[in-house]
Amino acid sequence: MKAIFAKGLLNAAISILGASLIIFVISRLSGDPVSLMLPMEAPQSAIDALKQELGLDRPLWEQYFIFLWKALQGDFGQSYRWQMPALALVFERLPATIYLATAAFAFSLVLAIPLGVLSAVYRGSWIDQIGRIIAMLGQAVPSFWVGLILILVFAVGLQWLPAFGADGVQHVILPAIALGWYPVAAQTRIIRSGMLEVLDSDYIRMGRSVGTPERLLVWKYAFRNALLPLVTIMGVYFASMLSGAFVVETVFAWPGLGRTVVEAVFSRDYPVVQAGVLVTSILFVLSNFLVDLSYSIIDPRIRL
Amino acid sequence: MFAGRLVATVLGLLALNSAVAAQTKDTLVAALAAEGTVLDPARYSAGVDQYFIGQMFEQLVRFDPDLKPVNWLAESWKIEGTSDKPIIDVQIRKGVKFHNGDPLTSADFEFSYERLKDPKISRWTHLQANVEKFEIIDDHHFKLHFKAPDGDYIVGSLQLWAMPKKYYEKAGEDGFAKAPIGTGPWKFVSRSIKEDLKLEAFEDYWNKDARPKIKNLVLKIIPEDLTRVAAFKSGAVDWVDAVPLSAVEEIKKMPGVKTFTAMAPNNMYIDFPAYKSDSPFSKLKVRQAVAHAVDVDAIIKNVLFGQGERYTQVGRGSTGYDPTLKPYAYDMRKAKQLLTEAGYPNGFETPCYNLITPREPNVKEMGEAVFAYLGTVGIRCKVQGLEYSAWINLGRRGRSGPPEMDGVLMWMWGHGLPGDPATSWGGMLHSFVQGKGFGSYSYTNDEKADSMVEELKGTMDPEKRVGLIQKIARYKHENVLGGVPTYRPVVTLAWRDSIDFRAWPSPGSWRAFQEVSFKK
């Protein structure tokens, strides 16, 4: 177990280091922040002075090692735009994104599990067809469009739920649906195929022959085993929601990390981009690592 | 059955929650599309920051809702000294207090000046470059001594902001950033980045005639256009800015809603490398052909849903506006004839650089329409789209790196409201002079224009400036220098008619909540 843990940790460290290099190079290639930070009429001398102050006049490799060394100490520098520590800004916005991603993930499971199980139990029936349509719609329709439709119906039309913000529980409902609908199709398919396989197995047939109630067979015996493949991809989907919440955050004016980082990209606020993407990468790698670890615990035949 | 009841109960509670919120009417909730960064007048860098800073901080001079200059924290001011070493003499208003109760004195303006000229703090040091020294005469009287005349100082409402010296020294940099105080009508309460800024009316505000009569103000940040409009329609917000172009007519027709449409502080224009002797655009007739080739009115109507105002060199309401100066008429035949006379009977091919930015609505589409019009007279565009950062970077003259843009350029130049073209012309009309701050984004090289722009920069008398601006505008127009002006974007604000709101142009481009109240 220790060896599995150590190997996983090493893989995670290599992935994060790779991510740090990619983030650094891409952010530097995307343009110069200084022209954006100064008014258009600022003289060249002011531009040169600011570049020097920010250390942007140094060779790229030197900038990278400074960045890496400081990042290891938790110092990502001051945000050029917000003029506050970049990591503090990221940690200030991260909880909102985790909250939204958790709610969206819960929504996706609440929808996908019954759809997947019922589609398998009533294979080929109208329930199966409707389940597929609901699941496929989530994948086929872009999340920003889903978000806008939800706003028009539930905020403007019915006035049941707020259109924006993050002031209370009711604020998370619409963004969670918009963000959580997308993975429903894949989750439903995995549960459905897992259930179909298990429902055809000998021990279920045996259970039926001895008169075990169908509800017990489906939910207690078949569903537990069909759940294993879902656990494998749960980490990836949760992490994708963390890193991909930007569009939904923008539509619902949700004060999360995604919006903060994307806006930092447009203003070339390197420290915030680097801190935000690296923290998200760490969460991504960490959640996958934990899922891999839990999977190997659930099924001892699997090793990292 | 149970599930149905549960859903009904939850939705009922949510509806009740909204109803309770709607009844609390000592708070105005406004939705803004853009968010500022720092709440410090010495540290801010973009015009959008003024939407927020301008609620809490004030300057010596400002423009009233009729775009007339009024002394604000300055009781009076005058220019004295000699023409080459002028002095601005300022008497500041007595009885003005900061939000913590400290009185406003000359020392606070000296402190502001010191911070604004410090390159470690300010992005605006170049605006203080001509000030030689700050002299305090007494608590309410100070003088700014200039080493050279500086017209831009007048343009920028005497540049200085009232900043609390004593409080800053006590609270420190971090303390001031966390709880900034000014003399403005609104006091800082709290801020959540990407979410909102909460303010409270300042009871001891000096101006008893023009002040808010609402207890609390919440500025919500809602960047997505449709969400912002939806929030307004649903009643979640009382006031909304930057109504999307396509929704303006609908919002104007909504019952119980008032709107205000006014010019935004930006000038859009088409530029070209007139300074290059081997470029077709160095010929006046080619530049005139460009001016005749584009049907700007049709573009405003169809691409901007009518939400733009055509201008000729200087926009309506701006300093030096000349109503007798008319834009070039759209005339495709004349444009083709001018191209033939210039030696291009079959037209020519040129790179065309389009700007892609959310800074102004439909800018990209505007550029595409312009290039299509140019194509109809024979100026065939090889279009390249540039995101804002790349555009501003490549457009800047005299830097090392990739070559400058050498074709038709879609440009914009922002200034405050009501707007004075001096700064813009220094940057885009005056020829480029390395290290002198002139022509940083200029594709023009004309000696007469240069000398007139320099004269304007050195003219501090407001009346003389008007005459000079009109003279430059006519010369620029007749010679199609510094590009072809197209339109000035307009901005539409909307609010419930239960609110009395009077839009002040600055600071904050009409978003200053200086005079606002709920109707009784």
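**Two chains, sheet by sheet**

Colleague: Four strands of chain B form an open sheet; in which order do they come?
Modeller: Strands here are DSSP runs of E, at least two residues long, numbered from the N terminus. Two of them pair if DSSP finds at least two bridges between them. In this sheet the pairing is antiparallel, and the order is 4-5-7-6.

Colleague: Before we go on, what kind of model is this?
Modeller: Residues are numbered from 1 along each chain as its sequence is written, while chains are lettered from A and ligands numbered from 1 in the order in which they are written. Local features need pLDDT of at least 70, side-chain atom pairs count only at pLDDT 80 or more, and totals for chains, interfaces and linings use all residues: it's a predicted model.

Colleague: Which residue in strand 7 of chain B stands opposite Gln91(B)?
Modeller: Strand 5 of chain B and strand 7 (residues 141–146) of chain B pair antiparallel through five bridges. Across strand 5 (residues 86–92), Gln91(B) is on the uncovered face with Ile87(B) and Asp89(B), whereas Pro86(B), Ile88(B), Val90(B) and Ile92(B) make up the covered one. Opposite Gln91(B) you'll find His141(B).

Colleague: What's the bridge partner of Lys133(B) in strand 7 of chain B?
Modeller: Strand 6 of chain B meets strand 7 of chain B over six antiparallel bridges. Lys133(B) has as its bridge partner His145(B).

Colleague: At about what angle to strand 6 of chain B does helix 3 of chain B run?
Modeller: Axes are lines fitted to C-alpha atoms, for helices over the stretch in contact, with angles from 0 to 180 degrees between N-to-C directions. Helices are DSSP runs of H or I with at least four residues. Helix 3 (residues 106–116) of chain B lies across strand 5, strand 6 and strand 7, and its angle to strand 6 is about 165°.

Colleague: There's a five-stranded open sheet in chain B too; which strands stand at its edges?
Modeller: The pairing is mixed, in the order 16-15-17-13-18. Strand 13 (residues 266–271) of chain B and strand 18 of chain B pair antiparallel over two bridges, with Tyr269(B) partnered by Pro485(B). The edge strands have a single partner strand each, so one side of each lacks a neighbour in the sheet: they are strand 16 (379–387) and strand 18 (484–485) of chain B.

Colleague: Which residues touch the most other members of the largest nonpolar core?
Modeller: A nonpolar core is a set of buried Ala, Val, Leu, Ile, Met, Phe, Trp, Tyr and Cys residues joined through C-beta atoms within 7 Å. Helix 5 of chain A gives this core the most, 13 residues. Leaving aside neighbours within four places in sequence, Val290(B) is in contact with Ile270(B), Phe272(B), Leu374(B), Ile379(B) and Val484(B). Among the core's 199 residues, the ones touching the most other members are Val290(B) and Leu374(B).

Colleague: Is Gln170(A) buried or partly exposed?
Modeller: Gln170(A) sits in helix 8 (residues 169–180) of chain A. Buried calls for 20 or more other C-beta atoms within 10 Å of the residue's own and exposed for 12 or fewer, with partly exposed in between and C-beta atoms placed from the backbone. Gln170(A) has 18 C-beta neighbours inside 10 Å, so it counts as partly exposed.

Colleague: Which helix of chain A supplies the largest share of the side of chain A that touches chain B?
Modeller: Contact means C-beta atoms, placed from the backbone, within 7 Å. The contact takes 43 residues from chain A and 44 residues from chain B. Helix 2 (34–37), helix 3 (44–54), helix 5 (86–121), helix 7 (143–157), helix 13 (246–251) and helix 14 (257–266) of chain A each supply at least two residues of chain A's side. The largest share, five residues, comes from helix 7 of chain A.

Technical notes:
Contact = placed C-beta atoms within 7 Å.
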